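Biologist: I have just opened this structure and would like to learn how to read it. Could you take me through it feature by feature?

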Amino acid sequence: MARSNGYDLPILIAGGGIGGLAAAYALSLKGFPVRVLEQSPEFREIGAGIQLGPNIFSAMERIGLKDALLADAWRPTGQEMRCALSGELVTRMPLGEEFFARFKQPYAVTHRADIHSVFLKACQGSNLISLENNQRVEEFEDDGQSVTAVMQSGERIKGRALIGCDGMWSKTREKIVGDGAPRVSGHIAYRAVLKRADVPDDLWRPDIVLWAGPRTHFVHYPLRRGELYNLVAVFHSDRYEEGWNTEADASELWAHFKGQRPEVLRLLERIETWRMWVLCDREPVKNWSKGRVTLLGDAAHPMLQYLAQGACMATEDAVTLAEKVAGQPDDLASAFQNYQQNRYLRTARVQIMARVYGEFYHARGVTAELRNIMLAGRTPQQAYDGIEWLYAGGL
């Protein structure tokens, strides 16, 4: 059982997704009581597959959850890019022993529900964490000594501080940063999950495979110990709908992937129902804290998914935040500033580079030819060198 460090008033967390639960658990390990206020009727994670770089395992190791995360994950042997028009292999990065020797941590893929479940079970096992549903934080008041979160219902909940983990459309961010709506990227993602038995044997691959096409890309990889197969198709579109669990129009997908490789089209054909979301992010900001209120994860630095780092950055945030709070438990405003100072440049770099990778994946014509030539000659060590800033540069 976690032991309280003597602070009776809890730290409030708006949002019970991956970032919110990670922050709650990391803070509880330091002895802080926490109330997690989640707007949904239950704690659950929607979505499909998620990639886990070595940096998230470094963070999970710090809070004792690495083995739990790996229990249901899939460990691909490689990550490759293929041309969606010709089928040729553009580049491949091995993710086995050589990768582990370089980064001291594995690379894995898992279902979003599985990583969320790891954090949820950990939080449920802590006597310092209160998990509350149907609690939407609409407003907050900071009097310098405490923070009062105002619920949509009108209920007022008092805490020592408030951490906004309420995602891309964060209500907490509105009052701290005030930068309006997220930036719409012009890219739409369709996602689906197949059972292993529904994937033809000649199309099933143990690796993460990305088919790069003109203004499109398609990714597939196994999930949940190989029992499932994750599919994500991304294409350029001006369409916009808020949220990321909307039923998708298959005809729009087919219009963008027409003429691509049979391997791509045959997998797309296996899907009966697609879910979609419009990819958005925000411009990086240097300040996402104000007094006893701070932001974490997508509320602080939402990013496109092209580096597969959203959950990884949120988990790094959570571990760093808990350590800074533990270092200055009587001055949370300063602790939040130190946390932010530690994180803003790293997360900004990921935000910016995710945009670059998106353009890289969707290159067409001469630009795609140049991309392929540039990547074709890379050795595994050169590939590792290029991503070391991300995978080895965290905690």
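Modeller: Gladly, starting with burial: a residue is called buried when its relative accessible area is under 20%, exposed when over 50%, and partly exposed in between, using a 1.4 Å probe and protein chains only. Arg282, with a relative accessible area of 5%, is therefore buried. A word on the source: this is a predicted model, in which local features need pLDDT of at least 70 and side-chain atom pairs count only at pLDDT 80 or more, while totals for chains, interfaces and linings use all residues. Residues are numbered from 1 along each chain as its sequence is written, and side-chain values use heavy atoms, with hydrogens and water left out.

Biologist: With which residue does Arg282 form a salt bridge?

Modeller: A salt bridge here is a side-chain nitrogen of Lys or Arg within 4 Å of a carboxyl oxygen of Asp or Glu. Arg282 forms one with Asp179, and the closest N and O atoms are 3.1 Å apart. The two residues belong to distant parts of the chain, 103 residues apart: Asp179 is in the loop between H6 and strand E12 (183-195), and Arg282 is in the loop between strand E17 (275-281) and strand E18 (289-290). Those labels come from DSSP runs, numbered from the N terminus: helices are H or I runs of at least four residues, and strands are E runs of at least two. Asp179 has 33% relative accessibility, so it counts as partly exposed.

Biologist: How many salt bridges does the structure hold?

Modeller: It holds 29. Look at Arg343, which forms a salt bridge with Glu316, the closest N and O atoms being 2.7 Å apart. Arg343 lies in helix H10 (residues 332-361) and Glu316 in helix H9 (residues 310-327), so this pair ties together parts 27 residues apart in sequence. Arg343 also meets Asp317 in a salt bridge, 2.7 Å from N to O. Arg343 is buried at a relative accessible area of 1%, and Asp317 is buried at 0%. Elsewhere, Glu80, Arg82, Arg92, Arg205 and Asp207 are linked in a network of salt bridges.

Biologist: Now the sheets, please. How should I read their strands?

Modeller: Strands of a sheet pair through backbone hydrogen bonds, either parallel or antiparallel. Two strands count as paired if DSSP finds at least two bridges between them. E8 and E9 (residues 147-151) pair over five bridges, and Glu139 has Val150 in E9 as its bridge partner.

Biologist: What is the strand order in the open sheet of six strands?

Modeller: The order is E7-E2-E1-E11-E19-E18, with mixed pairing. E7 (129-132) and E18 stand at the edges with a single partner strand each, so one side of each is left without a neighbour in the sheet. E18 pairs with E19 (residues 293-295) in the antiparallel sense over two bridges, and Ser289 stands opposite Thr294 in E19.

Biologist: Which side chains make polar contacts with the side chain of Gln51?

Modeller: A polar contact is a pair of N or O atoms within 3.5 Å; within protein, one must be able to donate a hydrogen and the other to accept it, and residues adjacent in sequence count only if both atoms are side-chain atoms. The Gln51 side chain makes one with Gln79 (3.3 Å) and one with Tyr107 (2.6 Å). Gln51 is found in strand E3 (residues 49-52) and is buried, at 15% relative accessible area.

Biologist: And Thr172: is this residue buried or exposed?

Modeller: Thr172 is buried, with a relative accessible area of 1%. Its place is in helix H6 (residues 171-176), and its side chain makes a polar contact of 2.9 Å with the side chain of Asp166.
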